[in-house]
Amino acid sequence: MYDVIIIGAGPAGLSAGIYAGRGKLKTLILEYGMEGGQMGQTLEVANYPGVIEGETGMDLALRMSKQAKSFGAEIKMAEAKSIRLEGSKKIVETDQGNFESKAVIVATGTKSRKLGVPGEEEYAGRGVSYCATCDGPFYSGAEIFVIGGGDAAVEEAIYLTRFAKKVHIVHRRDELRAEAYLEEMAKNNEKIDFFWSSELAELKGSQMLEEVSIRNKKTGEVQSFHKDEVGPLGVFIYVGNDPQTAFVSELVENEKGYIVTDSNQETSVKGIYAAGDICKKKVRQVINSASEGAIAAISAIEYLERNE
């Protein structure tokens, strides 16, 4: 029996682990993927207070993880499948067995959204990627298409110029949604050009991606790029994220999958808290995910003190 189980080891979950551990709670953090969540896939977290210049998101994640462990938090690799209530006891059912606790903090974050275009699933990992820092080095000298126009898309497009022969940003609108400084950097980079009011139409190939088709939404014109003409191809997709909350969607109040919490990060179920990108809110940044994790852990400590 744990005092608190934290599901997810991104900035919210690790921050919760630090505070829960410091609060002398018997703490378990469950993670089914990579520590750090999406932060761990980011080249640089330049807007997090006190971050070391040049430090990657994974560097920061590993330091957070080490800090949580130093306060006694355990980290186990397991994927949560559901949370079952037995009175005040919470049973987290996972692919590695069941774990029991008095309180739960859900911090499972979000996952890259798929476009659903023909060929996307077939060539995932074989020319299609959702993480530039993970896969960028595999595309040295390639013609790369970055799909999206927000901060993540533009930031990763700039990063990919380290490896690519050319980077094309494909955006469905006629202007970017990214911050002004990122837009300026992209437009001043000679390796980057833009397909405005356009969308990814289709991906073709055999064993690997061999052809990328881009459709202009205004004219309907389709332009295709084949590896025999332009060289190796790569597609990186950044069109948003989906909350990873299916395993609790029937248990706690949520809106379109995003969990509704109060100011203490408590959900509609007493003793279950949520923190980070899975919460219904406007801003999704590392800094507020970490703060919500801390608030959730402090709230869990107070909940256990009241119910002992």
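**Ground rules.** I number residues from 1 along each chain as its sequence is written. As the model is predicted, local features need pLDDT of at least 70 and side-chain atom pairs count only at pLDDT 80 or more, while totals for chains, interfaces and linings use all residues, and side-chain values use heavy atoms, with hydrogens and water left out.

**Entry 1: helix α1.** I started with α1 (11–22); helices here are DSSP runs of H or I with at least four residues, strands are runs of E with at least two, and both are numbered from the N terminus. Is α1 buried or exposed? I found 10 of its 12 residues buried, so α1 is largely enclosed by the rest of the structure. My cut-offs are under 20% relative accessible area for buried, over 50% for exposed, and partly exposed in between, with a 1.4 Å probe and protein chains only. The buried residues include Leu14, Ile18 and Gly21. Among the elements that cover them are β1 (2–7), α2 (57–70), β6 (97–106) and α7.

**Entry 2: α1 against α7.** Next I looked at how α1 packs on helix α7 (residues 286–307): the angle is about 40° and the axes are 7 Å apart. Axes are lines fitted to C-alpha atoms, for helices over the stretch in contact, and angles run from 0 to 180 degrees between N-to-C directions. Among the residues in contact (heavy atoms within 4.5 Å) I noted Ala12, Ala16 and Tyr19 of α1 and Ala290, Gly293 and Ile301 of α7. By class I have 11 nonpolar, 3 polar and no charged residues.

**Entry 3: α4 against α5.** Helix α4 (residues 151–160) packs on helix α5 (residues 180–187) at about 35°, with axes 10 Å apart. This crossing is left-handed. Asp151, Val154, Glu155 and Ile158 of α4 meet Leu182, Glu183, Met185 and Ala186 of α5. I get 5 nonpolar, no polar and 3 charged residues for this contact.

**Entry 4: two lysines with positive phi.** Most residues other than glycine have a negative phi. Lys24 has a positive phi of about 65° and lies in the loop between α1 and β2 (27–31). Lys24 is exposed, at 73% relative accessible area. Lys256 has a positive phi of about 55°, sits in the loop between β17 (254–255) and β18 (258–259), and is exposed at 84%.

**Entry 5: a sheet.** What is the strand order? I read β12-β13-β14, an open sheet of 3 strands with antiparallel pairing. Strands pair if DSSP finds at least two bridges between them. The edge strands are β12 (198–205) and β14 (222–226), and the twist averages 20° from one strand to the next. β12 pairs with β13 (residues 209–216) over 7 bridges, and Ser198 stands opposite Asn216.

**Entry 6: Pro232.** I placed Pro232 in the loop between α6 (227–230) and β15 (233–237), partly exposed at 48%. Leaving out residues up to four places away in sequence, Pro232 touches Gly141, Ala142 and Glu143. Lys165 is 67 residues from Pro232 in sequence and 9.4 Å from it in space, C-alpha to C-alpha.

Technical notes:
A crossing is left-handed if the near helix is turned anticlockwise from the far one by less than a right angle, and right-handed if clockwise. Ala, Val, Leu, Ile, Met, Phe, Trp, Tyr, Cys and Pro count as nonpolar, Asp, Glu, Lys and Arg as charged, and the others, Gly among them, as polar.
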